[in-house]
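Colleague: Hi! Could you walk me through this one while we both look at it?

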Amino acid sequence: MKGIATSEGYGIGKVLVVKEPNLEFTPKTGCNAEQELKRYRSAVEKFCIKTEKAAERVKLAASEKEAEIILGHILMIKDPYMSGEIEKLIENGQCAESALSSVCDMFAAVFSSTDDELTRQRASDVNDIKNDILSILLGAEEQDIFDAPENTVLVAKDLTPSMTARINKANIAGIITETGGKTSHSAILARAMEIPAVHSVPEVAEKLKNGETVIVDGNDGIVIESPTQKQIDEYTKLRTDFIEYRKALSKYIGRETKTVDGIKAELAVNIGKPDEANKAIECDGEGIGLFRTEFLFMDRSTPPNEDEQFDAYKRVALIMKNKPVIIRTLDVGGDKGISYLKMPKEENPFLGFRAIRYCLKNEDMYKTQLRALLRASAYGDIRIMLPFVTCVDEVRTVRKLIKEIMSDLSQEGIAYKEDIKVGVMIETAAACMIADILAKESDFFSIGTNDLTQYIMSVDRGNADAAYLYSAYNPAVLRAIKHIIKCAKQAGIPVGMCGEAASDKKLIPLLISFGLDEYSVSAASVLSTRKTISEWSKREADALTEQVMKVETAEEVEQLLSKSQK
Ligand code: PEP
Ligand code: MG
């Protein structure tokens with residue numbers, strides 16, 4: 001059976017189908033309001049006590065953050081508007097069950113109808129609260145999953161956060177549900193407790209029977225019912241390897257990022273939304289190497305104003321507490337369209353009116369972003385990065401704009417970082433060819449290999465027929481990377497990489513040998529990148545690089561790199 005892989009790992013165990021309690025009731029009107037109100041308030045009180053206990057348990061099994069999700073339910077039911085509406089219906093003669101249900105259903109319907117995934121998730125929280133309080137009002141028996149035997153795989157239509165909170169982590173081998181996805185709370189909790197999980201497996205609670213053996217593959221989103229001995233052996237090995245791998249990675253938390261012979265590198269994180277900075281901290285990232293600000297402009301109908309942007313940038317700076325935060329100015333165009341910006345339809349969007357080109361032609365909008373960035377720079381180590389640069393004039397124009405805005409801010413008495421660093425993304429063939437010129441006017445470089453590969457190889461990032469050419473292993477791309485790093489070194493400026501290649505285990509020895517200073521990767525790849533860097537010495541990396549740079553095709557490069565993996 002196939003579903004959505006929501007929490008990594010492999011689990012093998014016996015099924016326990018979690019039955020939902022029977023919450024049917026007959027709605028009554030004309031009730032004694034005083035009595036019903038008392039019943040309702042006492043049920044809410046019990047609910048709060050139960051929820052606090054559950055949160056306490058989650059805090060121990062997962063973390064404070066996950067416990068807060070559960071405690072959020074108390075805040076919701078105590079919200080004056082929500083509780084006011086429920087009590088109003090009770091005062092009008094409805095029974096507690098029916099008042100609670102109709103108000104919760106109304107809230108859930110409003111949340112479900114929005115476009116925002118996270119708000120839609122709130123609908124399942126409201127349903128969860130409703131069912132919990134209903135079960136107290138109706139005295140409905142709840143299955144206690146806390147005492148489930150060892151190696152239990154929980155199977156449910158929808159595993160609510162409060163059910164998940166009753167999980168005894170040591171005994172649960174996996175979780176399978178019929179609904180939900182990566183952002184469901186039960187998925188978030190499963191990840192925090194490191195329990196493999198697969199969500200959205202159709203009719204799984206009907207299909208699987210209590211006590212039968214099942215495999216949960218939380219990496220590929222697969223559930224195997226009544227597996228053969230061969231499958232059990234295969235997955236037991238996968239599970240052992242995965243546990244080993246995870247243990248090995250967690251060793252790297254709190255360590256410096258350096259090669260065997262002590263050459264240090266900076267290991268930063270790529271983010272798209274301010275909140276993701278928390279993830280960067282959780283995974284021990286040493287800074288933000290790329291904040292893709294275009295995501296602030298998406299999912300809305302007008303551009304974010306200066307204060308909105310200022311709040312977002314300041315938030316990241318504060319979360320990162322003086323660690324470097326590289327914020328890239330709007331990289332719109334190419335495959336990243338923003339409908340309200342009314343960009344013209346183009347024959348070749350990747351070669352057209354994109355990023356810095358668009359921004360410099362829409363100066364007011366661009367100045368708003370630069371002003372927000374400068375204001376936020378007073379709160380941390382913010383650095384500005386320019387995308388899709390092809391000539392030095394673009395850098396000069398942006399520097400001029402920044403100077404003008406700085407002088408305005410000074411006159412208005414608004415604080416900003418006077419020596420703010422302005423760097424350039426090297427991701428076009430032109431920028432690579434003039435890297436020596438750009439280096440003289442940039443405070444740092446960051447190599448965007450996602451685009452650099454596209455522009456060096458003249459191959460559309462998204463074209464399936466030409467995809468065989470889209471690889472950073474091509475000697476052309478490797479030479480480009482080597483050249484860019486050399487130019488940065490000669491000019492004495494730091495050079496990082498924020499494209500996907502920075503976390504490619506096979507390429508890392510080459511990057512060490514070329515002298516890359518900073519690796520910026522997704523939060524999930526931080527520890528594996530630190531691990532790979534720390535497995536190589538400069539001498540070994542140089543020897544491999546010398547061989548690699550002599551071969552003539554991408555296949556040969558890949559073969560050599562694969563063979564030499566640690
Ligand atoms: C890149 O091009 O490598 C890069 C990091 O930017 P994006 O993927 O956002 O184009
Ligand atoms: Mg790019």
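Colleague: Let me start with a detail: where does Glu194 lie?

Modeller: Glu194 lies in the loop between H7 and strand E5 (197-199). Helices (H or I, at least four residues) and strands (E, at least two) are DSSP runs, numbered from the N terminus. Before we go on, this is a predicted model, where local features need pLDDT of at least 70, side-chain atom pairs count only at pLDDT 80 or more, and totals for chains, interfaces and linings use all residues. Residues are numbered from 1 along each chain as its sequence is written, chains are lettered from A and ligands numbered from 1 in the order in which they are written, and side-chain values use heavy atoms, with hydrogens and water left out.

Colleague: Thanks! What is the phi of Glu194?

Modeller: Phi of Glu194 is near 60°, which is a positive value in a residue other than glycine.

Colleague: And how does Glu194 count by relative accessibility?

Modeller: Glu194 counts as partly exposed because its relative accessibility is 48%. Buried means under 20% relative accessible area, exposed over 50%, and partly exposed in between (1.4 Å probe, protein chains only).

Colleague: What about Ser200, where is that and what is its phi?

Modeller: Ser200 sits in the loop between E5 and helix H8 (204-207). Its phi is near 55°, again a positive value in a residue other than glycine. Ser200 is partly exposed, at 26% relative accessibility.

Colleague: Back to H7: which of its residues are buried?

Modeller: In H7, the buried residues are His185, Ser186, Ala187, Leu189 and Ala190.

Colleague: Let's zoom out. How is the protein divided into domains?

Modeller: The domain assignment gives domain 1 (4-19 + 144-250), domain 2 (33-138) and domain 3 (253-563). Those bounds come from an automatic or database domain assignment.

Colleague: How far apart are domain 1 and domain 2, and how many residues are in contact?

Modeller: The C-alpha centres of domain 1 and domain 2 lie 27 Å apart. In contact (heavy atoms within 4.5 Å) are 14 residues of domain 1 and 15 residues of domain 2.

Colleague: What area do they bury between them?

Modeller: Domain 1 and domain 2 bury about 1,400 Å², with 61% of it on carbon and sulfur atoms. Buried area here is the accessible area (1.4 Å probe) that two parts lose on being put together, summed over both.

Colleague: Which elements of domain 1 give two or more residues to that side?

Modeller: Helix H6 (161-165) and helix H7 (185-192) do. The largest share, four residues, comes from H7.

Colleague: New topic: where is Gln454, and is it buried or exposed?

Modeller: Gln454 is in helix H18 (residues 449-457). It is buried, because its relative accessible area is 3%.

Colleague: Which residues does Gln454 touch?

Modeller: Leaving out residues up to four places away in sequence, Gln454 touches Phe350, Arg354, Val459, Asp460, Arg461 and Tyr470.

Colleague: Last one: how many helices and strands are there in the protein, and how much of it counts as buried?

Modeller: The protein has 23 helices and 15 strands. Of its 566 residues, 51% count as buried.
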